[in-house]
Amino acid sequence: MIGKLQPAAAPAAVGNTPVLRIDGYWAKLEGFNFGGIKDRAALHMVEQARNRGELRPGGAIVESTSGTLGLGLALAGVHYGHPVHVVTDPGLEPIVERMLAAHGARVHLVREPSPVGGWQQARVDEVGRRLARLPGSWCPDQYHNPDNPAAYAGLAAELAEQIGTFDVLVCAVGTGGHSGGIARALRGRHGMRALELVGVDSVASTIFGLPAGPRLMRGLGSSIHPGNVDHAAYDEIHWVGPAEAVRSARRLAGRQFATGGWSVGAVALVADWLARTRPAGTRIVAVFPDGPQRYFDTVFNDEYCARHGLLEGPVPDAPRAVTVPGEPVAAWAFRRCAARVGVSS
């Protein structure tokens, strides 16, 4: 009976993460969760699926991920007793693969990118094949599941309690879950109707209208069009390249000892620029999705960064304003669009 499937309390280690004042803005440090910010979404999506009877006791969970959601699903699988199958690609960091295996998740790598949608679409296609082979299995479908953004109402409440009202929220955008979910809750239930949402995307990401291309960074950006991205919710979009993200993350590590990987570096770069250029008294909050641990082989590895040319030459410390994508993707680094933009799927 569904009545027997009511979720137990979520692990106490998830949520109630601290905030830190950094160079004129507040940072919400989601790296204090077990696997990062997506622990919240993973637990909530699994809880809701169990409540609705979509995920039966002992049923397998199968999902596509670049890593962070996989760690959250591994946590949910241990907590609720479900086998977890994570479909990823060769870009997954070795430390994350080992952590997933240590927590009982099975890791499946796709070997070739899809001609349309790249590695991300290839992972989604493989998820479909594995679901067909596993009777009773369930996919969270983080890209389109409305339970994903709904999972961040708790984070919004924490920010309202920790900081009070504020003016600008800066978030990385991948599935659209945490950026849209936090903003919706704050604008609705916490009296911040005028809150400005600034989205941080990757170069070569299709989310806000750029053509798809190879993306070195993981955790932000997309090669497909996630249904959870509420384009109308964003007041400004910034695109960041890997060199800027790396140097920003490293600068944070040296100055604050609070840092993270690609997404954190990109978000911090944008939040820092906003803090320097917005009128005095503007209250800015940035969400740092995870910590630095999984990035020791990439962002914080000199050999890796040198191999990809991430530490050479100048990088801009301010974005260039644009109106529509009009440059080659490779040149689309640290740009911003003040108008609300979107794409049709």
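Arginine 218 is buried, its relative accessible area being 13%. In this predicted model, the side chain of arginine 218 meets that of aspartate 89 in a salt bridge, with an N to O distance of 2.9 Å. Aspartate 89 lies in the loop between strand S4 (84–88) and helix H3 (94–102), whereas arginine 218 lies in the loop between strand S7 (196–202) and strand S8 (236–240), so the pair ties together parts that are 129 residues apart in sequence. Aspartate 89 is also buried, at 3% relative accessibility. Both values fall under 20%, and therefore both residues count as buried.

Side chains of opposite charge can pair when their charged atoms come close. In total, 17 salt bridges are counted in the model. Another of these joins glutamate 54 to arginine 52, and the closest N and O atoms of this pair are 2.9 Å apart. Glutamate 54 is partly exposed, at 41% relative accessibility, and arginine 52 is likewise partly exposed, with a relative accessible area of 40%.

A further salt bridge is formed between the side chains of arginine 133 and glutamate 126, with an N to O distance of 3.8 Å. Arginine 133 has a relative accessibility of 51% and counts as exposed, because the cut-off for exposed is over 50%. Glutamate 126, by contrast, is buried, at 12% relative accessibility.

Key: Residues numbered from 1 in each chain as written. Predicted model: local features only at pLDDT ≥ 70, side-chain atom pairs only at ≥ 80, totals over all residues. Heavy atoms only, no water. Salt bridge = Lys/Arg side-chain N within 4 Å of Asp/Glu carboxyl O. Buried < 20%, exposed > 50% of the residue type's maximum accessible area, 1.4 Å probe, protein only. Helix = DSSP H or I, 4+ residues; strand = E, 2+ residues; numbered from the N terminus.
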